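Biologist: I would like to go through this model piece by piece. Please show it first.

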Amino acid sequence: MDIVQMYYFINIVECSCNLSLAARKIHISQSALSQFVKNFEESENIKLFHRKNGRLDGLTEAGERIFRYSTEIISKYEEMQNAIQSESAKQQGTIRLGLPSLILRFYFSRILPNFLHSHPQIDIQIIEGGGLELRQKLIAEELNYAILIEPTSLDSNKYEQHIIQMDEYVAFMDKSHPLAQKDLLEWSDLEGYHLATFIKTFITYGLIDEKLKKEKVNAPLTHLSSSWDYLIESMQGTDTVSILPGPIESILDQDKFTMVKFRDFIPFNIWFCRPFKSKSTEVESLVYEEFLKLFYMPVSE
């Protein structure tokens with residue numbers, strides 16, 4: 001069974017042995033999937049699936065063992081492919097920079113184009129994602145650098161970290177919202193309201209959820225998205241409060257929405273991180289040093 005056939009097999013199992021559903025999912029014909037199962041079982045003299053009324057009906061004991069092997073092999077194969085891409089990028093002088101989309105939009109939209117214009121020989125690949133995902137990619141050495149939200153949860157003995165921007169989380173709401181006229185919000189003011197923020201793979205969600213529990217505030221986080229502009233626009237005409245990073249205020253439609261700060265705010269601090277290395281390439285050193293110069297607060301941790 002080769003890699004492609006393993007993908008076929010795994011998808012059939014994950015689709016509850018529904019060949020029609022699995023075929024649509026991986027964009028091949030149902031007959032091709034059926035033929036794969038038939039040919040494999042006949043050539044290897046083994047049954048992968050039980051049958052009921054001519055249809056696949058769950059894995060045999062042998063099928064379960066082969067499924068476990070297949071998922072492990074596919075996982076390692078994908079890990080290897082990521083490693084190949086990462087090593088290829090290193091050898092070609094490519095820098096892989098991971099950062100959340102919001103930070104890319106508000107802090108790097110001018111910096112990156114100017115930097116690339118001044119250094120056309122440097123290839124910077126932008127990897128967008130949530131903070132938790134990017135942290136894992138940095139640890140797995142799939143990134144040269146990562147821009148992470150505090151807390152980075154990185155080992156300070158293994159990673160060099162510089163704070164490059166300081167801000168705070170704030171509350172956004174419809175202009176007619178009962179809390180819109182407050183000068184400063186207490187967390188208890190949110191009691192009973194539905195809240196919106198980033199999805200659970202973003203560090204933001206964990207910080208807000210922890211704060212609400214600490215303050216014993218009964219305000220459910222029911223409206224989650226990876227899109228900050230959607231979270232803002234979806235508040236119009238509702239009592240939902242979106243808790244998001246302060247920089248979003250700069251593009252807020254003041255005719256529709258209001259921003260109110262918290263008295264006891266959660267910091268939204270941004271850190272530029274890279275692993276400590278005995279020796280960095282010239283390109284790695286140049287990019288790191290130049291990026292730090294572009295921010296007004298290059299304070300070492």
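Biologist: Which residue in strand 12 does Gln 165 stand opposite?

Modeller: This is a predicted model, in which local features need pLDDT of at least 70, side-chain atom pairs count only at pLDDT 80 or more, and totals for chains, interfaces and linings use all residues. Residues are numbered from 1 along each chain as its sequence is written, and side-chain values use heavy atoms, with hydrogens and water left out. Strands (E, at least two residues) and helices (H or I, at least four) are DSSP runs numbered from the N terminus, and two strands pair if DSSP finds at least two bridges between them. Strand 6 and strand 12 (residues 267-275) pair antiparallel over nine bridges, and there Gln 165 faces Ile 270.

Biologist: In strand 11, what is the bridge partner of Ala 171?

Modeller: Strand 6 also runs antiparallel to strand 11 (residues 257-262), joined by four bridges. In that strand, Ala 171 is partnered by Val 260.

Biologist: How many of the 16 residues of strand 6 are buried?

Modeller: Buried means under 20% relative accessible area, using a 1.4 Å probe and protein chains only. Strand 6 (residues 159-174) is largely enclosed by the rest of the structure, because the number of its 16 residues that are buried is 14.

Biologist: At what angle do the axes of helix 2 and helix 3 cross?

Modeller: Axes are lines fitted to C-alpha atoms, for helices over the stretch in contact, and angles run from 0 to 180 degrees between N-to-C directions. Angles of 65 to 115 degrees count as roughly perpendicular, and helix 2 and helix 3 are therefore roughly perpendicular to each other. The axes of helix 2 (residues 19-26) and helix 3 (residues 30-44) come within 8 Å, and they cross at roughly 115°.

Methods:
Parallel < 35°, antiparallel > 145°, perpendicular 65-115°, else oblique. Buried < 20%, exposed > 50% of the residue type's maximum accessible area, 1.4 Å probe, protein only.
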